[in-house]
Amino acid sequence: MGYFDTLMADRYEGLHFVSDGASGLRGLIGLHSTRLGPAIGGTRALATYASEEAAVQDVLRLSRGMSYKAALAGLPHGGGKSVIMLPRGPFDRERLFEAFGRAVHRLGGAYLPAEDSGTGPEDMAFIRRATPHVLGLAGKSGDPSPVTAFGVLRGIQAAARRVLGRSDLQGLRVTVMGVGHVGLPLCELLHQQGAKLWVSDVDAGRMKVAVDRFGATALSPEALVAQAADVYAPCALGGAINDTTLPLLKVKLVAGAANNQLAEARHGEALANRGITYCPDYAINAGGLINVAAEVGTYDREKAYARAALIHDTIDQVLARAKETGLRPEQVADKMVEEKLYG
Ligand SMILES: NC(=O)c1ccc[n+]([C@@H]2O[C@H](COP(=O)([O-])OP(=O)(O)OC[C@H]3O[C@@H](n4cnc5c(N)ncnc54)[C@H](O)[C@@H]3O)[C@@H](O)[C@H]2O)c1
């Protein structure tokens, strides 16, 4: 399939190749949709893209994902993403990101970059020299992870009520894979609600923090997946639900922060066949996006948390509609977005 066929099949508004010979900038800006507002989505900068084609595929997949996440979260934003193929040799980072900022500026505010893998607030500051259309600057919304964790907690509360008939999380058994920036604050919030925790992480030091502070039980990743519990919260890498882990799961809900939790779409069906309810990843982990989107205008942390709290209602609606229609939760979430975008 050629690029235009790909863009049209998934209704992309555009794919912009941006370059600057002086700084060595080779970048791509994917604009999936600006139907609901300026497209929002991070700038990924890597020196490791195997090919230009790999970078194109990445920016397209990610920008579409941002449209879906922003729309389901009820944000006045569309979805976009950018990738920069960093030079493999030495280069002037400041110059390169400023050149990227000029490219963003030429889009007239249709796309708002923010930090992502391989970029940080200092890169956003370089972009800011060329355009006001940038988020994720130092001193603004800050680390999104605590807000993401809070959103996941709200999603778990909604799912626990709807699927398990629970009005609180007292004694709820939760397994958390990955106790990093999101997993650890999630453990803290769950602990405050009286949940019983099992954790795993390849980093033993991080696991120890969860054990010491929140009374969690540490397990190997393999043992965690097989641990009987009410909720499994993948908070490490994508693809947590796959052919290896699926048969081992002894939980009723999958609800965690990781992106792309289903290794393949068919794993969603397999979860449902095992009677396990899946809270779609992009619905439950939108807190970080909600937090950075709150930078448009004047950032207000309380407002960001108030909006992230609504993830409870989103998950509740998704699960209610799944029950009514017989569709799986991830199918319902996609449908809700497509109604908003193309309805
Ligand atoms: N940070 C956010 O606000 C945010 C927002 C939305 C989605 N997410 C997603 O949530 C997930 C976690 O994000 P994070 O910011 O906490 O990342 P992080 O790197 O801080 O934490 C991930 C943790 O998982 C551990 N880990 C890595 N591989 C593992 C493995 N094979 N088995 C067990 N543990 C492993 C790491 O040691 C680390 O402690 C990622 O998938 C990320 O894309 C994060």
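This is a predicted model: local features need pLDDT of at least 70, side-chain atom pairs count only at pLDDT 80 or more; totals for chains, interfaces and linings use all residues.
**Overall fold**

The chain contains 14 helices and 12 strands. Its radius of gyration is 20 Å, close to the 20 Å that the globule rule gives for 343 residues, so the chain is as compact as a globular protein of that length. Along the principal axes, the C-alpha atoms fill a box of roughly 60 × 45 × 40 Å. Of the 343 residues, 54% are buried. Among contacts with a separation of 6 or more, 64% are between residues 24 or more positions apart.

**Domains**

The domain assignment divides the chain into domain 1 (3-68 + 75-128) and domain 2 (145-342). The C-alpha centres of these two domains lie 28 Å apart. At their interface, 16 residues of domain 1 are in contact with 14 residues of domain 2.

**Nonpolar cores**

The largest nonpolar core has 65 residues, and Val-174, Val-176, Leu-190 and Ile-315 touch the most other members. Helix H5 (residues 145-164) gives the largest share of this core, with nine residues. The core also draws on both domains, taking at least three residues from each of domain 1 and domain 2.

Leu-190 illustrates how the core is put together. Apart from neighbours within four places in sequence, Leu-190 is in contact with Leu-153, Ile-156, Leu-169, Val-174, Val-176, Ala-195 and Leu-197. Two of these partners, Val-174 and Val-176, are themselves listed with Leu-190 among the residues that touch the most other core members.

**Aromatic pairs**

The structure holds two aromatic pairs. In one of them, the ring centres of Tyr-68 and Tyr-282 are 6.1 Å apart and the planes meet at 80°, so the pair is edge-to-face. Tyr-68 belongs to helix H2 (residues 52-72) and Tyr-282 to helix H10 (residues 281-284); the pair links distant parts of the chain, 214 residues apart. Both tyrosines, Tyr-68 and Tyr-282, are buried.

The pair of Phe-150 and Tyr-305 is tilted, with 5.2 Å from centre to centre and 55° between the planes. Phe-150 lies in helix H5 and Tyr-305 in helix H12 (residues 301-309), so this pair ties together parts that are 155 residues apart in sequence. Phe-150 counts as buried, because its relative accessibility of 18% is under the 20% limit. Tyr-305, in contrast, is partly exposed, with a relative accessible area of 26%.

| Pair | Centre distance | Plane angle | Type |
|---|---|---|---|
| Tyr-68 and Tyr-282 | 6.1 Å | 80° | edge-to-face |
| Phe-150 and Tyr-305 | 5.2 Å | 55° | tilted |

Most residues other than glycine have a negative phi. Arg-11, which is not a glycine, has a positive phi of about 55°. Arg-11 sits in the loop between helix H1 (3-9) and strand S1 (14-20), and this residue is partly exposed, with a relative accessible area of 48%.

Asn-260 is another residue other than glycine with a positive phi, near 50°. The loop that holds Asn-260 runs between strand S11 (253-254) and helix H9 (266-273). At 47% relative accessibility, Asn-260 is partly exposed.

Conventions:
Residues are numbered from 1 along each chain as its sequence is written. Side-chain values use heavy atoms; hydrogens and water are left out. A nonpolar core is a set of buried Ala, Val, Leu, Ile, Met, Phe, Trp, Tyr and Cys residues joined through side-chain atoms within 4.5 Å. Buried means under 20% relative accessible area, exposed over 50%, partly exposed in between (1.4 Å probe, protein chains only). Helices (H or I, at least four residues) and strands (E, at least two) are DSSP runs, numbered from the N terminus. Domain bounds come from an automatic or database domain assignment. Contact means heavy atoms within 4.5 Å. The radius of gyration is taken over C-alpha atoms; the globule rule is 2.2 Å times the number of residues to the power 0.38. Rings of Phe, Tyr and Trp (its six-membered ring) pair if their centres lie within 6.5 Å; planes under 30 degrees apart count as stacked, over 60 as edge-to-face and the rest as tilted.
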